[in-house]
Amino acid sequence: MDKESSKSLFSLLCCPDIYRINFESSSLNEVLSVFEDEILLDCCSSSAEYALVEYLTRIVEPIGWKAVWRSTRKSSIVDSELDFIVEVVNVSLQKLEADVLVKSVIGADLNQIQWIQQEVKKCSSVALPLVELFVISEEDDDEVYLKTALAIEHV
């Protein structure tokens, strides 16, 4: 495969639209109220972790959604901080991680594309922290994954 065809199959020049959650317009009391009423549900401090996992279990879609993965040097499969489009194939709520399939890279240099493709092919899926995922809103006209995006922001 030549460089031009690998670019067209694998590289995106810009980031797709994502759900942007903004807590700045909410007062501290409103944010605390959400945590108390929807997440913690009157639990004691010793069971707060369990309450958070239960909340995520109710809200986060376990498979089928797409996200922008803002990788870090620690989590990246290419030892570089890049953005990827990924598809979630499993969510481990106990670990607060998602298993994803890398679909494309965003804004990578043409010279990097073939090398990145080779690295991606080496792993069938990648386990990464939920907090590095930003749920894509494009093609989600019914906002099915908006609650998933909000729950990840709560983490």
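Trainee: With which side chain does Glu 87 meet in a salt bridge?

Mentor: Please bear in mind that this is a predicted model. A salt bridge is read from the distance between a side-chain nitrogen of Lys or Arg and a carboxyl oxygen of Asp or Glu, which must lie within 4 Å. Here the partner of Glu 87 is Lys 103, at 3.7 Å from N to O. This pair links distant parts of the chain, with Glu 87 in strand β3 and Lys 103 in strand β4 (residues 97-106), 16 residues apart. Glu 87 is partly exposed at 24% relative accessibility, and Lys 103 is partly exposed at 40%.

Trainee: How many salt bridges does the structure hold?

Mentor: There are three. One of them joins Arg 70 to Asp 83, with 2.8 Å between the closest N and O atoms. Arg 70 belongs to strand β2 (residues 66-70) and Asp 83 to strand β3 (residues 83-92), so the pair ties together parts that are 13 residues apart in sequence. Another is formed by Lys 122 and Glu 119, at 3.0 Å from N to O.

Trainee: What is the nearest side chain of opposite charge to Glu 132, which is buried yet has no salt bridge?

Mentor: That side chain is Lys 74, 8.1 Å away. Glu 132 sits in the loop between β5 (126-129) and β6. Leaving aside residues up to four places away in sequence, Glu 132 touches Val 68, Trp 69, Arg 70, Ser 71, Thr 72 and Ser 75. Arg 70, one of these contacts, has its salt bridge with Asp 83.

Trainee: Which residues form the negative surface patch?

Mentor: A patch of this kind gathers like charges within 9 Å, on residues with over 30% relative accessible area and no salt bridge. In this model the members are Asp 17, Glu 138, Glu 139, Asp 141, Asp 142 and Glu 143.

Trainee: Where is Asp 141 found, and is it buried or exposed?

Mentor: Asp 141 is in the loop between β6 (133-135) and α5 (146-154). Its relative accessibility is 73%, so Asp 141 counts as exposed.

Conventions. Residues are numbered from 1 along each chain as its sequence is written. This is a predicted model: local features need pLDDT of at least 70, side-chain atom pairs count only at pLDDT 80 or more; totals for chains, interfaces and linings use all residues. Side-chain values use heavy atoms; hydrogens and water are left out. Patches are made of residues with over 30% relative accessible area and no salt bridge: like charges are joined within 9 Å, nonpolar side chains (Val, Leu, Ile, Met, Phe, Trp, Tyr) within 5 Å. Accessible areas come from the Shrake-Rupley method with a 1.4 Å probe; for residues, only the protein chains shown count as cover. Lys and Arg count as positive and Asp and Glu as negative; His and the chain ends are not counted. The place of a charge is taken as NZ of Lys, CZ of Arg, CG of Asp or CD of Glu. Helices (H or I, at least four residues) and strands (E, at least two) are DSSP runs, numbered from the N terminus. Buried means under 20% relative accessible area, exposed over 50%, partly exposed in between (1.4 Å probe, protein chains only). Contact means heavy atoms within 4.5 Å.
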